[in-house]
Amino acid sequence: MISSSASDSGVPVVEIEKGSSLGKDAWYRLQKNKLAMFSFWFFIAITLICFVVPLIPGIPNPNKTYPDLKSMDAFQSAVSKDGEKVFYLLGSDYLGRDIFSRILSGGRVSLGVGFLATFVSLTIGVLYGAVAGFIGGRLDTIMMRIVDVLYALPFMILVIILVTIFQNSLWLLFVCIGAVEWLTMSRIVRGQVLSLKNQEFVEAARSLGLSNWRIIIRHLIPNTVGPVIVYTTLTVPAVMRLEAILSFLGLGVQPPHASWGSLIKEGADRMVSDQALLIYPSIVFAATLFALNFLGDGLRDALDPKTSKD
Amino acid sequence: MTYLELDNLTKHFEISDGLFGKKRVVKAVDGVSLSIEKGEILGLVGESGCGKSTLSRLIMQLLPPTSGSVVLEDEWLANLPPALIRERRPDFQMIFQDPNASLNPRMTVYSTLVESISARHPRVSDNAADAQEAVSELMRTVGLDPRYMRKYPHEFSGGQRQRIAIARALGTEPKLVIADEPVSALDVSIQSQILNLLRKLSRELELTMIFISHDLSVVRYIADRIAVMDEGKIVEVGEANAVFNNPQHEYTQTLLKAIPQIRV
């Protein structure tokens, strides 16, 4: 323990020392991991660019077509026949749309799906798993068998059926992905809670007369934070990949709207004539997924109970 | 005056050997009757696995008994609905064996102790200054510096953690404290500090205490009366000195012989 200077000087100053939480310790360890920190800032930068840069005036509308300005090269400025001046940072596609702003707009959808679906799966999974694990017994068996049944459903067929019954919409995408991704989260949290609930601090909490709900919220869930954070950072890229797969198959985002998955599909369709259309979105997408996976790995090391104090 | 009375308290666990194996019944606590006077320290001794910890969890209402009753000041706890038991819980608290496991690693000392104090005074956290003062006082009682109230359990030593656990048990202003091997996870040099603290507190706060241990010398140091437990049964109860100097039961005699002695 580091004592403050106040105690050494002999002056009776009642100065409350701040503790270092396990979270702070983990952050400290993460900062030593160069690759994870680079990935962390890279991911923040990508997110900021996707959401902030389109607000800058002069960035072309991602959905506006300029039929006379097809397949321009990168770093080119051109004037359309309506007299509009357009600057193509990464060139234009087969309809004269700006690839750069389409990547940003696709990024907003991909990241949005990633975050929202992860948030949905996090909320459902953590609460479901914590309740099942803590209550235990027959309720636990029933709840986990439901999870098993949902696991057994083939995801692609489920999505295809849902998409054909209801129209294509972004919300459906959230629901489908969220409905699948919380299963693993609930299993992880249940496993954690099973091992935690027999620890003496939970018995101590019961001895204080706390309700089950308070014990779950205040004592059990905070102690599952390590594995949950790790799994969350790995869920975001998994969800984004799922969305990309669906869009690639034409089940996800519909034109003229874009996501990174649908942009890659458009690029793949015109791979021979215009490589830029495939290369730029793929690089951005792959780099983002890499960053998130490296960050997840780094967090796992930083939060690993074996390397942490006690 | 009798504060706690156990009448024929029994806890059987059913254990099945494998999936299709026969069910075995383990009699962890087998018909224990005991009465504990207000303000006394009862030492409960017995070897590992004799049911001491199960008995303590039965008294704490953390486990439902198979049969028998726990009577606290004329109130039958075993028959109370869970909501009423929860209301009664601040009166009896427990100090656990391993302070590494009994403190929530994600909560500061402050939040741990506020939670305990609010079991008796639910409105204590309404006013931050009051709560801080109450926590400071509690920490001073167990010999901890209140400056460290915002720290987390992993930042304290084993002895200090056990002091935090004791403070948490005292925060509800209990009348009965069960100490389940509170010093066996600690270094010998720290053990005596914690024992002295417990003895001092039980005198000052007029606590009734059940002190569980497998270490006879520790129990002799702190207890007024001693109950010896073997295979789920109480085999001998008596004044501490009487049990030590003139053990009646065969098992007690064996236990006493097992204390290592240094001959000069």
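Author: Here is a short tour, from the whole chains down to single strands and helices. Residues are numbered from 1 along each chain as its sequence is written, while chains are lettered from A and ligands numbered from 1 in the order in which they are written. This is a predicted model, in which local features need pLDDT of at least 70, side-chain atom pairs count only at pLDDT 80 or more, and totals for chains, interfaces and linings use all residues.

Reader: What average pLDDT does chain B have?

Author: pLDDT is the predictor's confidence in each residue, from 0 to 100. Chain B averages 87, and 98% of its residues score at least 70. For the model, the scores are ipTM 0.87 and pTM 0.78.

Reader: How many helices and strands does chain B have?

Author: Helices (H or I, at least four residues) and strands (E, at least two) are DSSP runs, numbered from the N terminus. Chain B has 10 helices and 10 strands. Its radius of gyration, taken over C-alpha atoms, is 19 Å. Chain A, by contrast, has 12 helices and two strands.

Reader: In which order do the strands of the four-stranded sheet in chain B lie?

Author: Strands of a sheet pair through backbone hydrogen bonds, either parallel or antiparallel. Here, two strands pair if DSSP finds at least two bridges between them. The open sheet of four strands has the order S2-S1-S4-S5 in chain B, and its pairing is antiparallel. Strands S2 (23–37) and S5 (75–76) of chain B are at the edges with a single partner strand each, so one side of each is left without a neighbour in the sheet. Strand S1 (residues 2–16) of chain B is joined to S2(B) by 12 bridges, and Ile15(B) stands opposite Arg24(B).

Reader: And in which order are the strands of the six-stranded sheet?

Author: That open sheet runs S6-S7-S8-S3-S9-S10 in chain B, with mixed pairing. Its edge strands are S6 and S10 (233–239) of chain B, each pairing on one side only. Five bridges join strand S7 (residues 176–180) of chain B to S8(B) in parallel, with Thr208(B) as the bridge partner of Leu176(B).

Reader: How many residues of strand S3 of chain B are buried?

Author: In a regular strand the side chains alternate between the two faces of the sheet. Five of the five residues of S3(B) (residues 41–45) are buried, so the strand is largely enclosed by the rest of the structure. Ile41(B), Gly43(B) and Val45(B) are on one side, with Leu42(B) and Leu44(B) on the other. S3(B) runs parallel to strand S8 (residues 208–213) of chain B, joined by five bridges, and Gly43(B) has Phe211(B) as its bridge partner there. Four bridges also join S3(B) to strand S9 (residues 225–230) of chain B, again parallel; Leu44(B) is partnered with Ala227(B) in S9(B).

Reader: Where do the two chains meet, and how many residues are in contact?

Author: Two residues are in contact if their C-beta atoms, placed from the backbone, lie within 7 Å. By that rule, 31 residues of chain B are in contact with 24 residues of chain A. The elements of chain B that give two or more residues to this side are helix H2 (82–88), strand S6 (92–95), helix H3 (99–102) and helix H4 (109–120).

Reader: Is helix H8 of chain A mostly covered or mostly open?

Author: H8(A) (residues 200–207) is mostly covered, with seven of its eight residues buried. Among them are Phe201(A) and Val202(A). The buried residues pack against helix H7 (170–196) and helix H9 (212–220) of chain A, together with S6, H3 and helix H6 (158–170) of chain B. Just after H8(A), Gly209(A) takes a positive phi of about 85°.

Methods: The radius of gyration is taken over C-alpha atoms; the globule rule is 2.2 Å times the number of residues to the power 0.38. A residue is buried if 20 or more other C-beta atoms lie within 10 Å of its own, exposed if 12 or fewer, and partly exposed in between; C-beta atoms are placed from the backbone.
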